[in-house]
There are 4 protein chains.
Amino acid sequence: MDIRPDLLQSLKALRLVIFDFDGVFTDNTVLVSQEGIETVRCWRSDGLGISRLRSIGVETLIISTEANPIVTVRANKLKIACKQAVEDKAHAVLQACKELGVSPTETAFVGNDINDIPALKSIGLPIAVVDAYPEVLAHVAYQTTKQGGYGAVREICDLVFHAKEDSLEMLGIYLA
Amino acid sequence: MDIRPDLLQSLKALRLVIFDFDGVFTDNTVLVSQEGIETVRCWRSDGLGISRLRSIGVETLIISTEANPIVTVRANKLKIACKQAVEDKAHAVLQACKELGVSPTETAFVGNDINDIPALKSIGLPIAVVDAYPEVLAHVAYQTTKQGGYGAVREICDLVFHAKEDSLEMLGIYLA
Amino acid sequence: MDIRPDLLQSLKALRLVIFDFDGVFTDNTVLVSQEGIETVRCWRSDGLGISRLRSIGVETLIISTEANPIVTVRANKLKIACKQAVEDKAHAVLQACKELGVSPTETAFVGNDINDIPALKSIGLPIAVVDAYPEVLAHVAYQTTKQGGYGAVREICDLVFHAKEDSLEMLGIYLA
Amino acid sequence: MDIRPDLLQSLKALRLVIFDFDGVFTDNTVLVSQEGIETVRCWRSDGLGISRLRSIGVETLIISTEANPIVTVRANKLKIACKQAVEDKAHAVLQACKELGVSPTETAFVGNDINDIPALKSIGLPIAVVDAYPEVLAHVAYQTTKQGGYGAVREICDLVFHAKEDSLEMLGIYLA
């Protein structure tokens, strides 16, 4: 399948990718123990994707509504900055763009639930994981083929990496 | 798909939704560690559904046969009341209706296993998760499309919310 | 689907059901933490099946090759006896029959891997979970429809219960 | 299905099987707790496969990029040697061959992600799990039918065992 020219253009222009956490880095489930410990399920291969983005100078950031130590733990492991306990994600997204000196048009946001919609409308490249809530899908330019927590983050990193590196053959693998 | 008029009527009338825990809030599995700690798997997006129900004044309650600290942990996180170690769920359901001043006809019960059948027969809107035991399905007016622990609770919350808010277009998304 | 007469006969005759643990009570995966703690995934609704068997006087037993505290934890919760660190399962099965005064012909064994084959050959009703290793399936009279850790144990309990209680209509649900 | 003669030849010649860890012994997810503990999901039946290989004198080894106590925990349980914090897997593979006195042509490597490609190119029998990244599949002589963490390691052990034992009928079961 050929990549849509508008999507390729948007991917090439990106300087910042902002991710929601639950349902994007995770499969949207949470393990709850009888001792009250929460645990989430992430995708090992996301790390390689994130570090390739870093190697070509694309910034990444996690923005999450919850204030949960899990997000810090995972963000530290992946060496991504994160903002937590965010009530208004669209505001936080625009704030992050300003702080990093990146235009919202050069920014992607990746979400899965209805509280991500304002943030998706505030930037240049709105993306949803394939298992996002259906209301969300109406607001995005790209749906991943992989599910949240099962490679969606890596897929997005690979798309951006190969678009910016002009390796269109590799892009074809992901968009097939 | 159009919503069945009787189901729409029942959803609009609801003032209380009572949930079984295992198999409804969870995928009905339990992780058992060698140290004897139990852990269950829940759905992150259930919280948003529950809080929307609360915002329009619909009460929620968890009733569980087990006496397990996990139920308390999860109920506290979602800010739902819970009754545990319940031997007779139908009795507990009717008791809860009385305490809250809600008629059983304005109440839904959501279950998955055969010990939920008496409770399902005692209220106005009996609901089962799609992966409920087959004996249970004969006793319900609605089966969710999502599985327990994978969005079933959120689906029910969304159905009730949109029915009561008269947002029938949104309802269509869930019933398609 | 009608139940095979020979299977119905064997189910009715049962006085003892012996289960392997991993892959039967669990989905055959094991969670391994960086602290060396092992955790397995079980099916909440197995408990109701086991207690119904107990209520009609059918004995149950777990036999496992591993010596693992997880088996004890789960067996205690379900109130089943268990024998661990068993090298020769066929020998342990026959020993258990003798101890309980039950003929091997009135006994079922449920397994999933090739080291269960001798035990399956030693008793009257050999059963495998549907996701057992293919070599095992050649040696059984019944394959469950549910997977290990996802209802296989409950399914077997329900089959035995309804066969012995002559509730053939209910049996039909499981064998459909 | 008949086994490809070249694959059978390679399997028969093997004296050493080297495995990547994440995505091969595991399903490539990682559970992250709010306390920062990582946990992975492995396949119980891999142990029986590994011990059968050992019984016929085939060496096994785990090579992993991460320095993670989980790998040590699992390797110790399975009684396999492991090398961690390996930056250059191809170099580590050739080093291991030298240490064990095995020719690279008598060696298999099993991987799932793009950083495994150089190692796959350095030995006689390159293998990928069926859910490997698509770039990897171009470099292997065999793809497993089972997924990583769901029997892929056991499948490879069984293939090698039955090839070396000339039990071609059993091989057919796996290659069907």
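This passage describes the two sides of chain B that touch chain A and chain C. The model is predicted, and local features need pLDDT of at least 70 and side-chain atom pairs pLDDT 80 or more, whereas totals for chains, interfaces and linings use all residues. Residues are numbered from 1 along each chain as its sequence is written, and chains are lettered from A, with ligands numbered from 1, in the order in which they are written.

The contact between chains A and B, in which two residues count if their C-beta atoms, placed from the backbone, lie within 7 Å, takes 18 residues from chain B and 15 residues from chain A. On this side of chain B, β3 (38–43) and α3 (69–78) each supply at least two residues, with helices (H or I, at least four residues) and strands (E, at least two) being DSSP runs numbered from the N terminus. The largest share, six residues, comes from β3(B). Strand β2 (residues 29–33) of chain A pairs with β3(B) in the antiparallel sense over five bridges, pairing being assigned if DSSP finds at least two bridges between two strands. Within this pairing, Leu31(A) has Arg41(B) as its bridge partner in β3(B).

Towards chain C, 15 residues of chain B are in contact with 18 residues of chain C. Here β2 (29–33) and α6 (134–137) of chain B each supply at least two residues of the side that touches chain C, and the largest share, five residues, comes from β2(B). Strand β2(B) pairs in the antiparallel sense, over five bridges, with strand β3 (residues 38–43) of chain C, and the bridge partner of Leu31(B) in β3(C) is Arg41(C).
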